[in-house]
Amino acid sequence: MPVVLLCTKPFAALARATAFGLGLEQVPMVVITHPLAGIHDTDVADRAAEAYEQVMRVLTQGEGA
Amino acid sequence: MSAPKLSADLLAVEDDLEVINALYHARGWTDGLPIIPPTPERVRRMLAWTDRDPESVLLAVPPRRGEATVETVAIAAVMAGAPPEAMPLLITAVEALGDPAFNLFGVMATTYPSGVLMIANGPLAEECGMHGGSGALGPGWRANATIGRAIRLLLINTGGGEPGKLDKSTLGHGGRFMYTLAENEQESPWEPFHVTRGLRPEESAVTILPAAAPHNVNDHYSASAEGILTMLLGTLLSVGSNNFFYDSEVVVFLSPDHAAVVARDGWTRADVQRAIFERGFLPMQCWSAENIHGRFRDKYPEQYATADAATTRIPLVRAPDRVLVVVAGGAGRHSATASSIGISRAVTRQVTRRDGRPAYSLSEFKPGGADA
């Protein structure tokens, strides 16, 4: 199953280290703007748009962060 | 006994404490305080106080999943300045970190300010110098300070939990350097804490829990168990506590003076636990509207979707045994409480010898001892 690891920028290093520690160093990762919690609906839509574009690129072209 | 073979890589560096510390700090191997250089000689002296093989793997420490071995524990203990006779308790604590109930991955990856609170009980705690009396969670007590610090250094260096980088605790607290104490068994009116966790008084144990900073309970006036309970509850019931959101433990560090008042009224430890469980509620309206939805209505719709926020009570803990009552501190009318991360459970582990038999005395680990 295609998988994309999604996280906000301050947590990218932790996400990458965790993936590596679990033997999943090849997992594609998409990094979006922080924060995700406690934001307004319009900002949620912006985050989703930001993520969608990158996720589709990873899934179709294999380009991850 | 021949000197144990070490596996760690050797680092050649100028024999200067300041140079060594600058190097260790630059590489992210310290907690920000100076370390004792872990030379092979010092590591071997530490290993002399355990019957475990240096290469024994205790756990893989997330997020990097580096192996914590008996040798790496000894290295962290040297760096922290721990007395070698602390090794049996330290190894026990590290083994406890590997219990799935503790959820070390969650603890290491969280933004929550979780120090590894370690409560030691039994004869080995006293023999290795752990302190449960006056100022036990503060400075001045070598075994407390260094065992806790060794745990943090181990997590940094095997798990990669370098603060600000892979360790994402938003603010942290002083207990992330060390959060280690013994129970004040001598001044407790009740059985030792580890007995409530299924062990015998003559056995030794450590209990660990990822906990936030202690919150003081200043109570100079209550002369009854009911009065002290009121003050404890008033301190525990804080909307910022994770315990309302998850099923986990809270800690009550009950000072000997307060414990004596509570026991004088005939209350047992179990009575305190039950009272906090039964009376520990806040009305849902205490939280912000967004939290009422995010934490309660959306998460547990069967219970809270249409519940009246003014009258619906949110419990602090889900059962009496989620209240860990530890008698600690010295003279004075100050107790303390601490909330936990919530996504972990407290783990108690007995101090044992390599074959799993209980250790009753530090002498069983003494270098060159008859049974060592």
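## A helix within the structure

How many of the eleven residues of α3(B) are buried? In this predicted model, ten of the eleven are buried, so the helix is largely enclosed by the rest of the structure. Among the buried residues are Val70(B), Glu71(B), Val73(B) and Met79(B).

The elements that cover the buried residues of α3(B) include α1 (17-26), α2 (40-47), α4 (87-97) and α7 (142-159) of chain B, together with β1 (57-61) and β2 (66-69) of chain B. Just after α3(B), Gly81(B) has a positive phi of about 85°.

## Nonpolar cores

The largest nonpolar core has 59 residues, of which Met87(B), Leu89(B), Leu97(B), Leu104(B), Met118(B) and Met130(B) touch the most other members. Helix α3 (residues 70-80) of chain B supplies the largest share of this core, nine residues. A second, separate core of 35 residues includes Leu236(B), Ala259(B), Phe296(B) and Tyr304(B).

## Aromatic pairs

Over all chains, seven aromatic pairs are found. One of them joins Phe244(B) and Trp287(B) edge-to-face, at 5.0 Å centre to centre with 75° between the planes. Phe244(B) lies in the loop between α9 (225-236) and β7 (250-254) of chain B, and Trp287(B) in the loop between β8 (281-283) and α12 (289-297) of chain B, so the pair ties together parts that are 43 residues apart in sequence. Phe244(B) counts as buried at 2% relative accessibility, and Trp287(B) counts as buried at 6%.

Phe245(B) and Phe296(B) form a tilted pair, at 6.1 Å centre to centre with 55° between the planes. This pair links distant parts of the chain, 51 residues apart.

Notes: Residues numbered from 1 in each chain as written. Chains lettered and ligands numbered in written order. Predicted model: local features only at pLDDT ≥ 70, side-chain atom pairs only at ≥ 80, totals over all residues. Heavy atoms only, no water. Core = buried A, V, L, I, M, F, W, Y, C linked by side-chain atoms within 4.5 Å. Buried < 20%, exposed > 50% of the residue type's maximum accessible area, 1.4 Å probe, protein only. Helix = DSSP H or I, 4+ residues; strand = E, 2+ residues; numbered from the N terminus. Contact = heavy atoms within 4.5 Å. Phe/Tyr/Trp six-rings, centres within 6.5 Å; stacked < 30°, edge-to-face > 60°.
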